[in-house]
Amino acid sequence: MTQYILRRLLLMIPVAFLVSAIVFVLLRITPGDPVLVYAGEERDPVALEALRHEYGLDQPLPLQYVVWVEHAIRGDLGRSLRTRQPVTQAILERLPKTLELGVAALIISVGVALVVGTLAALRRNSPLDLIATGFTIAGVSLPNFYLGIILILVFSLAFRVLPPGGYADFVTDPVDNLKRLILPAITLATASLAINLRQVRSSLLDVLSQDYLRTARAKGLGERAVVLRHAMKNSLIPVVTIFGLQIGALLDGAIITETIYFWPGVGRLAVDSIGGRDYPVVQAIVLMSALAFMVSTLAVDILYVWLDPRISYGRRTG
Amino acid sequence: MIEVLRRNPRILVGGVIIALLLFVAIAAPLVAPYDPKLVDVTTALLPPSPEHPLGTDDLGRDVLSRVIWGSRISLSVGLIAVGIGFLVGVSLGLLAGYVGGLLDLVAMRAIDTLLAFPALLLAISITAALGPQIQNAMIAIGIVAVPAYTRLTRAQVLSLREREFVLAARTIGATPLRVLLRHLFPNATNALVVQATLGIATAILAEAALSFLGLGAQPPEPSWGQDINYNARYLSNLKWWMSVGPGTAIFLAVFAFNFLGDALRDALDPRLRRSG
């Protein structure tokens with residue numbers, strides 16, 4: 001197992017370099033001169049050249065890349081072209097807000113999927129099941145920005161029960177913080193909830209028809225024990241893989257959700273920085289998202305082995 | 001064929017909705033009641049009425065007409081992006097699986113790299129790099145779609161390439177290209193058709209998101225995602241109709257392709273048939 005994890009970590013290194021190279025090239029071929037954007041009123045060629053030199057933009061591209069990677073490995077991702085703030089600091093400032101939103105969405109998505117998916121599978125073709133299955137297709141078809149707009153329209157503007165966006169610090173005003181969290185968290189959770197719900201329901205249905213459950217019932221176990229201890233445990237295995245894939249979807253969703261709700265997280269920073277050609281910031285965010293996504297995929301694979309002892313990654317030579 | 005449809009009425013339902021959407025897109029000049037770019041300040045910000053079933057926007061443009069014309073962008077991006085992903089992905093998958101060796105290793109690391117990015121973030125980065133234009137959005141969404149087709153095709157080729165019928169074809173002198181296209185590819189088509197149908201839904205959603213962020217179609221072109229973004233500024237005055245029209249259109253189009261893809265999966269993929 002340790003060997004497997006080590007091998008996977010080693011394999012991540014070339015992919016991480018490829019990822020960083022792609023990010024670097026993509027942002028350098030972007031049209032528009034960032035220096036002109038940030039020089040403001042300054043049009044003196046000497047000053048512009050100095051600015052270019054300061055950011056290393058006058059060096060050949062491969063050299064710029066090497067310098068960037070060298071610094072990145074040491075944790076220095078450069079400074080924002082717009083605010084001159086160190087990029088690492090800019091991201092770390094916003095990361096807790098994105099994590100708060102992401103964790104809230106994950107709790108809603110997984111929690112509701114487990115409860116409703118289980119009930120739907122147990123009462124097949126009941127009204128609840130029909131609503132749940134309808135939602136599994138509708139939920140993935142609804143663009144999150146449109147859902148966000150509808151929620152703002154209904155809950156913030158028409159009925160005025162929740163604020164339409166913005167962020168409040170949890171320490172100074174926890175109630176306001178949670179109030180502002182509700183709508184974005186629901187928006188971010190919906191698509192992933194639809195996928196999870198479908199997976200929970202169908203894998204539980206698969207398990208429910210198996211012989212060992214009949215045995216469990218035959219030996220006199222109550223329905224509760226049969227479902228919770230025997231059926232759920234096995235039906236969760238395919239569900240875990242799906243949850244893992246959704247970390248990437250949540251990162252994607254955060255970009256849009258944070259933009260609609262003026263949530264000052266990393267996703268919003270990404271959109272603002274792309275609009276403003278703030279190379280170092282965009283590079284860092286894309287790179288960190290890709291790395292986070294790779295690590296979470298690995299974590300899910302490990303969790304998978306732990307849940308299902310039949311799967312073994314270590315002895316694959318057979 | 002008729003038997004398949006009779007047993008899976010959902011294919012018919014999904015197919016009919018998509019046919020209707022395609023008809024509206026193609027016949028937009030005939031179906032749309034107004035010119036989608038016609039500015040008329042005297043009719044600005046009107047709520048839905050018999051003259052303007054979905055109301056008008058701040059420039060007095062008819063929302064329904066913009067939604068109808070906008071379907072052209074969404075559907076063509078959906079189809080072309082999936083076309084790009086399909087062509088590149090399937091070719092790469094066939095080659096990687098059949099040739100193997102170094103080519104397979106390099107191709108699959110490239111695919112791993114693409115998969116390491118969150119999909120929308122990658123599409124945003126590519127579109128931003130190429131320049132915010134609808135053609136570039138198409139390319140970006142196409143690139144992001146490649147890995148799914150490569151992996152599906154490669155897995156199929158790997159599991160079949162040592163089977164008797166492939167060996168037999170090779171023995172009687174079939175060229176590698178013929179083996180790939182006539183013997184291996186047809187075996188992957190069912191899974192690929194399902195993937196492509198669901199892929200169109202994803203591509204339409206991605207295009208809408210890119211346009212919403214200002215990276216897709218540019219004003220004054222009618223586009224669902226871009227129109228929602230543009231009209232959202234009037235939400236605080238409760239002028240909901242300008243956003244609800246295009247938003248519902250996106251939902252309908254994506255829903256139709258997801259619904260059809262789902263029905264096709266149940267009909268074409270026997271492994272997944274058991275749990276409805």
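**A first walk through the model**

Author: In chain B, the confidence is lowest in helix 1 (residues 2-7) of chain B, with a mean of 75, and highest in helix 4 (residues 63-99) of chain B, at 96. That confidence is pLDDT, the predictor's confidence in each residue, from 0 to 100. Helices (H or I, at least four residues) and strands (E, at least two) are DSSP runs, numbered from the N terminus.

Reader: Thanks! What should I know about the ground rules here?

Author: This is a predicted model, where local features need pLDDT of at least 70, side-chain atom pairs count only at pLDDT 80 or more, and totals for chains, interfaces and linings use all residues. Residues are numbered from 1 along each chain as its sequence is written, and chains are lettered from A and ligands numbered from 1 in the order in which they are written.

Reader: What is the mean pLDDT of chain B? And what ipTM does the complex get?

Author: Chain B has a mean pLDDT of 91, and 97% of its residues reach 70 or more. For the complex, the predictor gives an ipTM of 0.90 and a pTM of 0.90.

Reader: Switching to chain A: how many helices and strands are there?

Author: Chain A has twelve helices and zero strands. Its C-alpha trace spans about 85 × 60 × 35 Å along the principal axes. Buried residues are 36% of the 318 in chain A; buried means 20 or more other C-beta atoms within 10 Å of the residue's own, exposed means 12 or fewer, and partly exposed is in between, with C-beta atoms placed from the backbone.

Reader: Where is the kink in helix 8 of chain A centred?

Author: It is centred on Thr190(A), with a kink of about 40°. The bend at a residue is the angle between axes fitted to the seven residues ending there and the seven starting there. Helix 8 (residues 174-208) of chain A spans only 43 Å between its end C-alpha atoms, while a straight helix of 35 residues would span 51 Å at 1.5 Å a residue. That expected span is 1.5 Å times one less than the number of residues.

Reader: Nice. Is Arg84(A) buried or exposed?

Author: Arg84(A) is exposed, with 8 other C-beta atoms within 10 Å. Arg84(A) has a positive phi of about 65° although it is not a glycine, and is found in the loop between helix 4 (61-73) and helix 5 (87-122) of chain A.

Reader: And what about the phi of Asn125(A)?

Author: Asn125(A) also has a positive phi, about 65°, although it is not a glycine. Its place is in the loop between helix 5 and helix 6 (127-141) of chain A.

Reader: Last topic: how many residues of chain B are in contact with chain A?

Author: There, 37 residues of chain B are in contact with 39 residues of chain A, where contact means that C-beta atoms, placed from the backbone, lie within 7 Å. Helix 11 of chain B gives the largest share of the chain B side, nine residues.

Definitions and conventions: Two residues are in contact if their C-beta atoms, placed from the backbone, lie within 7 Å.
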